[in-house]
Amino acid sequence: MALTGAIVVGCSSGGSSTTTSSGTAKVSVMLSDPSTCMAPNGPYQHVYVTVTDIKANTNATAGDGDSSWVDLTPSLAGAPQQIDLLGLANNQCFLATLGDALELQAGNYQQIRVILADNSATSNIKNNACTSSANCLVLSDGSTHTLQLSSESKTGIKIPSGQIEGGGFNIAAGQTKDLDIDFNTCVSIVEQGNGQYRLKPVLHAGEVSTTSSSINGTVVDSATNKQIDGEVTVALEQPDSSGIDRVFMSTLTDASGHFVFCPLPQGTYDVVIVGQNTSGVVYSPTVVTGVSTGSAVSTVALHALPVVSVGSATLQGQVTSQNAANPAAATGIDAQLSTLEAVSSTLTVTVPLVPSTTQSSVVAAITTASNSACPTNTDCANYSLSVSAGAPFVGAFAAGGTTLTQSTLPASYTVDGIAFVPSSGGTLDCSPNELKATAVMPAPGAPLPVSTLAFAGCQ
């Protein structure tokens, strides 16, 4: 099955009462990872990261050196643990146990940081799979490459309140809870022009239970009622503050068409599915709304578009970035690109990219840089995103089977870009830090006109 793994710090009964000091609670921490980029379907056999600490703070604006940070994994300081994010999970969804449940002050924790070992710090790593570095990846051809870090080894990978389920991890006095950190490896690795690989982390977090914490289902072809021979991407999404569904986790179906998200924070999600078979046939996006943790989505039938040549559309464009202090100077940014589609009058979702694209099959990550083709005083990068050209099918979840109806809205997309400071561990950049290209209508089989996301006011 297409399981997500989790690294567990401690063992506890999620949500159960336990004996603690007055005003304190206990928390265990997990790290999970979807495997949409795992070989043979994707480029990576293994992705190894070495965790040295996980910290939390009740202050959403606390800085790097603030004394209010709580160390959730003190045992890792002298014994960092290396984890293969694409490793096999056990039947409880977990990859490894990192320590005992830690007693901490009750409260609503609105910042979390994951700190990785510096690549030169290898002496304390047992059975180091990277040999000469602390973090690395293994490509499908068997070659090993160092995974370049930035602030992840100093201030840590930042998970702000907007990327924590419910806006914060809330734990009351006397409780024991499990905290899951979802590490989206497939969106978090950038292949640079010099042949190196850099971590540009994308993380989310939320409370999970060690039981009844999954959403699962099966995807088939509507015409044959059999599994799709190809690649099917399933995204689990929730609305952001503006009401747009954003990807929380993603996975691929297995050879039988099954998928499962586990472990998973309690909540309600929308399931967004796209696919392409080995003959190049693309399927219309399919959305099942209102799925609660612990549910079986049953069988979801995808509808194939009739002709291979008109099954997908290509969204092409450019991202530019300009310095804030000196508008006559260029500056580079990391940008995360998503394709948004209105599937009804009240719901806009993030549609995963068609799996044949050279970009990530969920969202795309690019880095702007100096180039002779860039507009004056900017750094830039071009993008090319493949999406389904079919109108979406939508249905509200029902335990006995979901009825899907094709949307009356035509297939149309908006390219959404979010800017980050390069090598910052996830710090937003530019003013504004999010831009949307004009909504575009897919022209089946032909590239669309260039749309530019022009970021200004960048660091």
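Q: How much space lies in the largest cavity?

A: Happy to walk you through it! This is a predicted model, where local features need pLDDT of at least 70, side-chain atom pairs count only at pLDDT 80 or more, and totals for linings use all residues. Residues are numbered from 1 along each chain as its sequence is written, and side-chain values use heavy atoms, with hydrogens and water left out.

The largest cavity holds about 50 Å³ of space. Here a cavity is a set of points, on a 1 Å grid over the protein atoms alone, where a 1.4 Å probe fits but cannot get out, and lining residues have an atom within 4 Å of a point. Its volume is the space filled by probe spheres set on the points, which are joined across faces, edges and corners.

Around the largest cavity you will find S150, R198, L199, K200, P201, D334, F420, V421, S423, S424, G425 and G426. That lining divides into four nonpolar, five polar and three charged residues; Ala, Val, Leu, Ile, Met, Phe, Trp, Tyr, Cys and Pro count as nonpolar, Asp, Glu, Lys and Arg as charged, and the others, Gly among them, as polar.

The structure holds two cavities of 30 Å³ or more. The second largest cavity has about 40 Å³ of space, and its lining is made up of L315, Q316, Y383, V415, V440, L448, P449 and S451. By class, the lining of the second largest cavity has six nonpolar residues, two polar ones and no charged ones.

Conventions: 1 Å grid on protein atoms, 1.4 Å probe; cavity = no way out; pocket = protein on both sides within 12 Å on 5 of 7 lines; lining within 4 Å.
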